Amino acid sequence: MKPEAVVAGHLATIVIPLEPLPASRPRVTKWGTYIAKPYKQWIDAAIKVIPQGNLWLDKNLPLLVVTTAVCTKARTSKLFFPRMDVDNTAKAALDIITKIGGYWADDNQIVHLVTTKRFATPGEAAYTSLSIYSL
C-alpha cells in the first residue's frame with residue numbers, strides 16, 4: 001500500500017461555549033430507556049447556542065473533523081489533563097451537530113477524527129470546538 005497525501009478544505013468551525021461533557025450511554029430500566037439528566041441538560045443547552053448549519057454537504061463527501069474540549073480545572077485537582085474519556089467528549093459534540101443539522105448529512109461521513117482535551121488556561125472559558133474539513 002502506498003502512502004497518500006491528505007488534502008483538506010476548511011468548511012466550518014463551530015464553538016460550543018459550554019463546559020465539555022462526555023456522551024453518556026442510554027440507561028435501560030424495566031420501564032424504558034432514558035438519557036442521564038446532566039447529559040440531557042447539556043444537549044438542551046447546546047441546541048440553544050449552536051446555530052443551524054448552512055453547509056448541507058453531500059452524504060458521500062468524506063470529512064475530517066478536529067475537536068478540542070477545553071475543560072475547567074477543579075481548584076483541588078492534581079491532574080495534568082481532564083479525566084473524562086476523549087472519545088466520549090468528541091461523541092457528544094458530533095451527536096449534537098448531527099442533531100442540529102446543516103453541517104453534514106450524517107456523522108458516518110467523518111472518515112478522519114482528531115480529538116484533544118485539555119484544561120483551560122487562566123482566564124479562558126470552557127468550550128468544545130469542531131473544525132470541519134472536506135477531503
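Reader: Before anything else, what is a polar contact?
Author: A polar contact is a pair of N or O atoms within 3.5 Å; within protein, one must be able to donate a hydrogen and the other to accept it, and residues adjacent in sequence count only if both atoms are side-chain atoms.

Reader: And what kind of model is this?
Author: This is a predicted model, where local features need pLDDT of at least 70, side-chain atom pairs count only at pLDDT 80 or more, and totals for chains, interfaces and linings use all residues. Residues are numbered from 1 along each chain as its sequence is written, and side-chain values use heavy atoms, with hydrogens and water left out.

Reader: Why does Thr89 count as buried?
Author: Because its relative accessibility is 5%, and buried means under 20% relative accessible area, with exposed over 50% and partly exposed in between (1.4 Å probe, protein chains only).

Reader: Switching to Tyr127. Which strand holds it?
Author: Tyr127 is in strand 6, residues 127-134. Its side chain makes a polar contact of 3.4 Å with that of Arg118.

Reader: How many residues of strand 6 are buried?
Author: In strand 6, 6 of 8 residues are buried.

Reader: Which residue in strand 6 is the bridge partner of Val65?
Author: Ile132.

Technical notes: Helix = DSSP H or I, 4+ residues; strand = E, 2+ residues; numbered from the N terminus. Pairing = 2+ DSSP bridges.
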